[in-house]
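Please keep the sequence and the model at hand while reading.

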Amino acid sequence: MAEMPYTGGPLERIGQLGALSRRGLLAGSLGLGLSAALAGCGGGSSPSPGGAGATGKPKRGGVLHAAIPEEPFPNAYDMARVGSSTGTERVAYLAYNGLVNVDTSGKIVGELAQTIENPTPTRYIFDLRQDVTFHDGTKLDAKAVKANFDRIQDPKTKSPRRRALIESVNVLGPYQLEIRLTQPYAAFLGQLRRSKMPIQSPTAVEKYAASDPFKASVGTGGYKFVSYRKGDGVQLERFDNYFGGTNYFDQIAIKIIPSQPTAVQALMAGEMDFIRIAPESVAAIKGNPQVRLDAADDTFVDYLSFNQKVAPFDKLEVRQAFSQAIDRAGLVSAIYSGLAEPGHGPLASGFGSYYEALDDVAAQKYDVAAAKASLQAGGYDTGSTIRFDTFTDAPFDKEADVIQQALVAIGVKSELRKADFTTFATLFYDQRNYTIGNSQWNGSVDPDEVLTNLYGPEDGTTSNSTSAVDPQMTKLIAAGRTEMDPAKRADIYHEAGRRAAEQAHYAFICYPKVLAGLSAKVQGYKSRIGGGWPIDECWFA
Amino acid sequence: MTFRPLVRALGQGLAWRVTAKGAQTAIVLLGATVAVFLMVHVVPGDPARAALGAQASPQAVQELHQQLGLDRPLMVQYWSWLVAALHGDLGNSIMLTDPVTALLAQRIGVTAEIAVFALLVSLVLAIPASLVSARWRGAIADRSARVIVLAGIAIPSFWLALLLILAFHSVLPVFGYAPLSDGIWEHFSHLILPSVALGAGHAALVFEINRIGLIEAIQQEYVRTARAHGISERRIFLRYALRNAFLPTITVIGVQAGYLLGGAMLVETVFAIPGMGRLLINAVTARDYPLVQGGVLVTVVIFVAVNLLVDVSYALIDPRIRRRIRG
């Protein structure tokens, strides 16, 4: 099964990428940052009930046992050829590094890049660390990084990670790289983070990519791949020449456990040290002193999508009515055990300064009387039954049940169709053969990625399931992409968020937290927005 | 097991029987592949979407769809697959990229092991219990056994699997598969809970059929005759009644081979065992057409082969059938 909205593990974390100041030198070693640009950004872990986090002095040793719910995507873990699989990205996160990464406070920080210069809005200069070695013993330099970009940009590779905005990648010196863009793109750096643009050994790629993608999966990260038994699991071991020095386990053993109850029992029995937790499993692990729950704020957004090619969802009043019928707080309590925030707009609170609560927008506020009035104003035929598509992964099927009942309260009858995710995704994203359906957006690092995908053009390049293009949103999205000043950008996204909420192309439901279950002996876990699986910096007490 | 000695021993009659069965098998296989091919293609869901993930753009999905040749007419796709399959090539998995034959070969041993253990569990539980139940029909032991059997039939294997995990998670491994190279105890301890979960329902059916068979058998005249000759009850039950009661039981075991394979799919998912069942479930959810078709083909072959073995075993157990075949 494809990694999909909330089916397994901490899903793609959406980080906050602030804009760069023009001509600004973004200096620093690993603390390099865009902190100024990110002022006010949120994200990161909230205090977890069991107090997951760094305590005590890190020490080496032990085998960390972790679970993923599904098979890695093809061609694991040759990431240039892997699609939008957050499950695969999470495992790859342990073995690779990016030019940049997201830190625990949500800032974009240099990783393989020691400094980043942005002399013009379309030009980035990266000075690379000089102490980095790939797991195969070859050195990381500017040529190696360029080889990665060249491969992804080459149409022959058919890489799902190809960046259309990259004009050229040039080696300026042994450890200096230049990337030129075709137009300014404020969200660009975030797209280079570890989980999205991991740097592979060109030597291994050249030797093995065509014959054995797993052997081509050679990075610079704290752990190197040892074995991958398809259907069973992945083994990694510590890479002793890791420049970061934060790889404490001797090994990380990852098992594929599709059943959440099994994974939870394995965690409780001490056979697992780290698993993702679905909301319905929270109660099961609470009270077990051997287990901790980490609930981290993120930038996920659950939504109900209206196909506006299907009447009467072309009418604003009808969409508003459906949105107003949903008791978001009640749903969060019932479905997410309170581990989510009620949502009113496309940008979750994890987006920090770009976030606005929008709970004053009538179209996204729970109000049954107003919903009934809107329904009437929209001329909705309450004698009809509409189709409601969802998929059978928790908690989306249950979320759909709650929404269906909410619609009954305003006199709307719906026929709920629960399908496996592949069926749902084909109908919902590809064919737009649905009327209303609920899903989630995650996996972005910047508001632009959320808005472009939810409101982008209907040319097949975005995941806009509504079949509607709002010219005003298009204008705001374009403005946000090219505006490099974070304060001005925040204003643009506040306006875009409000517009999105008012037009109710989607009913925004909630912003779920990312839940992880850890054995009590695991120390140093700090969830971070922006993707990845930061168990690579943990250790055993 | 090879059939040649058996065929020689039993003569041309059995040879014809096997040949006829072989022809039937070929038709069943062809029919199954056509049915599965149509089913997996008719239901919505695109393997390209599954392979690229939830957030891939529709354009990227469409490109991969074409790369995989899924835009060709269904008949063309099926014919290509069939021709390759007749040459022993079941294609490559879309999700796992490996050849389907290699993937099935890796997993089939695991599933077979669980199925065999489940079968053993079911026989160990059911046969002695049915003997006791039939011998002391109506007694507390019989009634208790029948209540347990009803529960065994009613409880789905995946639910029983979850209950077993809850009950034994501190004693036995609750997930995964350990190869023999990891140690004998490690290997077998990983098989206990899945085998019990899968075998329990099967045991219930075997118990019920065998019990009925035994009760009928002990009412036959030959049993009365044996008793009149002073043969012990133990010998009558084990030597005469059980052997006669066992024919319908064997039929059930054969038919239930399909159940074991189907049940293994659920049990493997719950216990995170990398067997053929889980492979096929993943293949179905990902619309991995080559893998689904290859997996179904192999499953049908196994099912038919087991039933053929059951037919042959009748002749081994019952001399009357052997004589009839020899004609």
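Is Cys538(A) buried or exposed? Cys538(A) counts as buried because its relative accessibility is 0%, where buried means under 20% relative accessible area, exposed over 50%, and partly exposed in between, with a 1.4 Å probe and protein chains only. This is a predicted model, in which local features need pLDDT of at least 70 and side-chain atom pairs count only at pLDDT 80 or more, whereas totals for chains, interfaces and linings use all residues. Residues are numbered from 1 along each chain as its sequence is written, chains are lettered from A and ligands numbered from 1 in the order in which they are written, and side-chain values use heavy atoms, with hydrogens and water left out.

**Chain A overall**

- Chain A contains 13 helices and 22 strands; helices (H or I, at least four residues) and strands (E, at least two) are DSSP runs, numbered from the N terminus.
- Of the 541 residues in chain A, 64% are buried.
- Among contacts in chain A between residues at least 6 apart in sequence, 73% join residues at least 24 apart; a contact means heavy atoms within 4.5 Å.

**Cysteines**

- Cys510(A) also counts as buried, because its relative accessibility is 0%.

**The six-stranded sheet of chain A**

- An open sheet of mixed pairing is formed by six strands of chain A in the order S15-S19-S14-S18-S16-S17; two strands pair if DSSP finds at least two bridges between them.
- Strands S15 (340-342) and S17 (413-419) of chain A stand at the edges with a single partner strand each, so one side of each has no neighbour in the sheet.
- From one strand to the next, the twist averages 25 degrees.
- Helix H7 (residues 328-335) of chain A packs on this sheet, where H7 touches S15 and strand S19 (506-512), and its direction makes about 45 degrees with that of S19(A).
- Strands S16 (residues 385-391) and S18 (residues 436-441) of chain A run parallel and are joined by two bridges; Asp389(A) has Gly437(A) in S18(A) as its bridge partner.

- Strands S9 (residues 223-229) and S10 (residues 233-238) of chain A pair in the antiparallel sense over six bridges, and Tyr223(A) has Arg238(A) in S10(A) as its bridge partner.
- S9(A) and S10(A) form a hairpin with three residues between them, and Gly231(A) in the turn has a positive phi of about 85 degrees.
- S10(A) also pairs in the antiparallel sense with strand S11 (residues 251-256) of chain A, over five bridges; Gly233(A) has Lys255(A) in S11(A) as its bridge partner.

**Helices of chain B**

- The axes of helices H11 (residues 233-270) and H13 (residues 289-317) of chain B come within 9 Å and cross at roughly 175 degrees; axes are lines fitted to C-alpha atoms, for helices over the stretch in contact, and angles run from 0 to 180 degrees between N-to-C directions.
- H11(B) is therefore roughly antiparallel to H13(B), a term for angles over 145 degrees.
- Residues making the contact include Leu247(B) and Gly254(B) of H11(B) and Phe303(B) and Asn307(B) of H13(B).
- Val312(B) lies in helix H13 of chain B and counts as buried because its relative accessibility is 4%.
- Phe188(B) lies in helix H9 (residues 184-217) of chain B and counts as partly exposed because its relative accessibility is 32%.

Technical notes. Angles under 35 degrees count as roughly parallel, over 145 as roughly antiparallel, 65 to 115 as roughly perpendicular and the rest as oblique.
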